[in-house]
Amino acid sequence: MPRRVPLISLVSAVYGVEEYLPEFLDSLAAQSGGLEDTELVFVVDGSPDDSEGVIRRWIDATGHPARLIVQENAGPGAARNAGIAASAGTWIGFPDPDDVLGVGYLDAFRRFIADGADGIDFVAARALRFTGSVEFARDDHALGYRFRRGTRIAAPLEDPKVIHLQISSAFVRRDALLTHAREGFDAAVRPTFEDGHLIAKLWLRAGSPPVGLLADAIYYYRQRSDGSSLVQSSVGDDARYLELPRRGYLSLLEEAAGAGPVPRWLQYLVLYDLQWPFREDHGMASVTAGLAKEVKAAYLDAVEEILAHIDEDAILEFNPTWIPLQIRLAWYALKTGRLPAELDVHATRFDAREQVIRLSWYQAHPATDERLQLDGRDAAPIHAKLRSIEYFGRVMLYERILWVSALHDIRLHTRDGMRPERIRFGAGDVPFYEATVGRMWRGRTTGLPSGHALAAAAAVAPRPEIVPWTRPLRRLGLAIAWRRAVARDLLRGWRNAGRSRRDAAAVDRALRRPWIRRRYADAWVLMDRDDLARDNAEALYRYLRTEQPTVNAWFVIRRDSPDFRRLRRDGFRLAAFGSRTHRALMRMAANVISSHANAYVVAPHGAREAERGNWKFTFLQHGVTKDDLSRWLNPKRIDLVLACTRPEYEAFVADGSPYALTTREVALTGFPRHDELRRAVDRVPAHERDVILVVPTWRNYLLKRETGIGSARELVDDFWSSSYITNWLALVSDPRLAALAARTGSRIVFAPHPNLQAHVRAEHLPAHVEYFSYSSADIKSMIARSRIAITDYSSLGTEAALVGVPLVYFQFDRAEFFKGAHAYRPGYFTAERDGYGPVAEDPDAAVRAADRLLSDPGFARTYLERVDSDFRFRDAGNSERAYRAIAALDVPWYERDQALFDGSVPEHRVDGGMRAFEGLVPTPEGRPGTLPEADAIQPLGDAPEPGQRPDAEVTAA
């Protein structure tokens, strides 16, 4: 009797999914219509774990017939091709074995076929993303809008937005696959896009036929929390930039162009996938920043060839997903060498206090020859800037920024100069010529499985343990525990939300009382971190309290911080972070001032609450900005940034820099805390400076995500095996460093970054190494006692150099650090060329460098001379200049003294001993020598001030 041809063959390529297989296999067994007409084909592609054993035991336990193919590792495409050859079903599906099929997944497909699917060779299912449990899956796939109209048949030629790139959530008619794409998956298309490449070949060669869209066939796509999936881990793979563009996108476009115009759906499919690397590079922390220059250049060359097959209006009108306007315009400029003529000038900000308005527009060239007219007369802008916009190491676009008087009729002529440009109000990065369906639907309820509304809680509760189906009671117990944990987190969230609403209502009532409004009116709200002070904000507050008592200054910090009690004893007027007083201050403040610019500073009670304030934000900075932070700073609404050095100021405001800051928003004043640092240095005689200070900065990729309500973050799981902690512990444990300290009468002090102090503690250090805690002491006092400092990229190194302490830059992970996984990208500063000490790339070189600095003062002096040329101010007037610059934000532009901002105000008189180098570093007789030769060191590479007691918080606010 001949074998019955199955309706469906499910082919799964298996590699490294032992942890996830039980859930996938259970979802197969739980299919509501059974598996009688379904053939299962598992291809174990050289998996290094026991995936094969898991599948064999499942087959034995369930008795379901299945084919198990074991082969040497050849990649998912080759494994799927082997599965296709071994399968016999009329339709073939390719579910990934780390995903989960909805209970009715196959039944929904059967019903669709039974209802009549003549002429349909491809059917796409609805994919929902999940991390811990499918019960909390999210319907936020970028292409999820396709299923909002329910199950239907769509024509790609009529609706090019129905593109599909995920073969795992699709069914393909076997005959069509063998007719139009007999070669199957192309293994040379890597590391991703194999699926999209096959689907596009099938559609293209079949003449773009109609496709089925199954809204009720739910496919749960797992987003691994450890980022280990192929898609998640492919961002840093060179093949994504060297091979994929040509073997994947370009091959399809050239094939289509050979038969006539490239279908719009194919253009959209390519643009959809092409956007993700550009969006990665658009962000601050991205591994694309660390790609080799030749890789970036080759990638952009390939992109230029790809865009030659994309219509200009397709770039502008693409709306399956939202793509930032800057990326669209970069593509447009790369393709055409110009920008679309319909772009307008945008009025993006208005400042009523200064009586100025900000105009900006994009251009493909660096020209600054616009013509500005105010009330019909030619005029110059008050402030002007040309910002360069770079992708993959190439400047592809420019943004011209002007601040002009808001009291006049404005006309602006750009480009041909013949007609005034149309000025639109609103942000220029919101395209006015697109209507993105996906964004319109985002946030709407869509009849998802029960529990979808609890999706946020899934990110809080830990993922349940994976237990084999052979232990049903254990699985049931874990499932109950998981649901209880989620319920607890959800209840906690509801309680917090309710408390927040009650607090907001209480503040609303309190602020109706005139005396309470007067109490908080025009406040200057200062804070450093939410849980730690001792930075620029505290220093500035001390100045305001003693020298500017008429300023209504408040300081914000968590009530449970040790600094809260210290500052209260010092007479600070405090508001507990997150309290009703804090909320009232944010409503009534004139200025919010902080050494940090994170969300918890500017929106501590949420973005919507922050919009109710009418304050200006001053970013005091935590340290000198040496690296490129433009992608982090540019989206923030900052009214003033304080700069400390000339190169830093120029990096912020110069034409061609990547920052959107102008001479209006940046003031070269020096940092307020440097005033206290100088006083601390003066109190310590030279012979008492006996510290070898070790001050590493942190690594973003070694900490888990911010919660958004504070600065505390947990370590990643492999922190203690990372090169970061192993290198630093190796250095401070090095017996040669201990011997050097003993020989020079020094002590070694280790000060891990505040972000790591909750994790790296004194017990992790050798007995002879002292531990510095930022919560119990002031780092300025330790710098004042230092003979040398060893850092990597920390801004505290610059603090030390400012007062004459030479540095060793211990940069063992420079390539990794600047690959974009941390919050930095390379900027104007390199330690070898611009630094204040030698660079070492391993502990041995760092110890040798420290030895030479301590034994050869002249060697140190040659580096520290750079401080004189970099720092504009070396006096103790930084707090005063900062105050005057902040106060100037409240005056009209024509009354503003720009000397307060460009650093041209005179320096304060400096008393004897206040100069940084006098008496700090011994100097040999005669003039200092030149900088040391490159091979000299082998690079591997305050006292509390009196004050009144703080006012008690009003209970009503």
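Visitor: How many residues does helix H9 have, and what distance does H9 reach from its first C-alpha to its last?

Guide: In this predicted model, helix H9 (residues 244-257) has 14 residues and reaches 19 Å from first C-alpha to last, close to the 20 Å expected at 1.5 Å a residue. An end-to-end span is one reading of a helix; the bend along its axis is another. H9 has a kink of about 40°, centred on Leu 250.

Visitor: Which residues touch the most other members of the largest nonpolar core?

Guide: The general idea comes before the case. In soluble globular proteins, nonpolar side chains tend to be buried together. Here the largest nonpolar core has 81 residues, and Phe 122, Leu 266, Leu 274, Phe 278, Leu 307 and Trp 331 touch the most other members. Helix H10 (residues 264-282) gives the most to this core, with 9 residues. Leu 274 makes contacts with Tyr 249, Tyr 299, Val 303, Leu 307 and Trp 331, leaving aside residues up to four places away in sequence. A second, separate core has 68 residues, including Val 695, Leu 796, Val 805 and Leu 864.

Visitor: Why is strand S11 described as largely enclosed by the rest of the structure?

Guide: Burial is read residue by residue, with buried meaning under 20% relative accessible area. In S11 (residues 356-363), 8 of the 8 residues are buried, so the strand is largely enclosed by the rest of the structure. Side-chain direction is the next thing to read. Val 356, Arg 358, Ser 360 and Tyr 362 point one way from S11, while Ile 357, Leu 359, Trp 361 and Gln 363 point the other way, and all are buried.

Visitor: Which strands pair with S11, and is the sense parallel or antiparallel?

Guide: Strand S10 (residues 345-351) pairs with S11 in the antiparallel sense over 5 bridges. Ala 347 has Leu 359 of S11 as its bridge partner. The hairpin of S10 and S11 has 4 residues between the strands, and Gln 355 takes a positive phi near 60° there. Strand S15 (residues 394-405) also pairs with S11 in the antiparallel sense, over 8 bridges. For Ser 360, the bridge partner in S15 is Ile 401.

Visitor: Where else is a positive phi found in a residue other than glycine?

Guide: Ser 208 has a phi near 55°. Ser 208 lies in the loop between H6 and strand S9 (211-222), and counts as buried at 9% relative accessibility. Gln 621 has a positive phi of about 75°. Gln 621 is in the loop between strand S22 (616-619) and helix H23 (630-633), and is buried with a relative accessible area of 2%.

Visitor: Which residues does a cis peptide bond join?

Guide: The quantity to read is omega. The bond between Arg 190 and Pro 191 is cis, with omega about 5°. Pro 191 sits in the loop between helix H5 (174-180) and H6.

Visitor: What does Ile 748 touch?

Guide: Ile 748 is in strand S26 (residues 747-750) and is buried, with a relative accessible area of 1%. Beyond residues up to four places away in sequence, Ile 748 touches Ile 692, Val 694, Leu 737, Ala 738, Ala 741, His 768, Val 769 and Glu 770. The C-alpha atoms of Ile 748 and Glu 770 are separated by 6.2 Å, though the two residues are 22 residues apart along the chain.

Visitor: Is His 64 buried or exposed?

Guide: His 64 is buried, with a relative accessible area of 14%. Its place is in the loop between helix H2 (51-62) and strand S3 (66-71). Among its contacts beyond four places in sequence are Leu 35, Thr 38, Leu 40, Trp 58 and Ile 59.

Visitor: Where is the pLDDT below 50?

Guide: The mean pLDDT of the protein chain is 85, and 84% of its residues reach 70 or more. Over residues 430-470 the pLDDT is below 50, although this stretch has 80 contacts in the model beyond near neighbours in sequence. Over residues 909-957 pLDDT stays under 50, and the model has 118 contacts there beyond four places in sequence. Where pLDDT is low, the predicted coordinates should not be read in detail.

Conventions. Residues are numbered from 1 along each chain as its sequence is written. Side-chain values use heavy atoms; hydrogens and water are left out. Buried means under 20% relative accessible area, exposed over 50%, partly exposed in between (1.4 Å probe, protein chains only). Helices (H or I, at least four residues) and strands (E, at least two) are DSSP runs, numbered from the N terminus. Two strands pair if DSSP finds at least two bridges between them. A nonpolar core is a set of buried Ala, Val, Leu, Ile, Met, Phe, Trp, Tyr and Cys residues joined through side-chain atoms within 4.5 Å. Contact means heavy atoms within 4.5 Å. The expected span of a helix is 1.5 Å times one less than its number of residues. The bend at a residue is the angle between axes fitted to the seven residues ending there and the seven starting there. pLDDT is the predictor's confidence in each residue, from 0 to 100.
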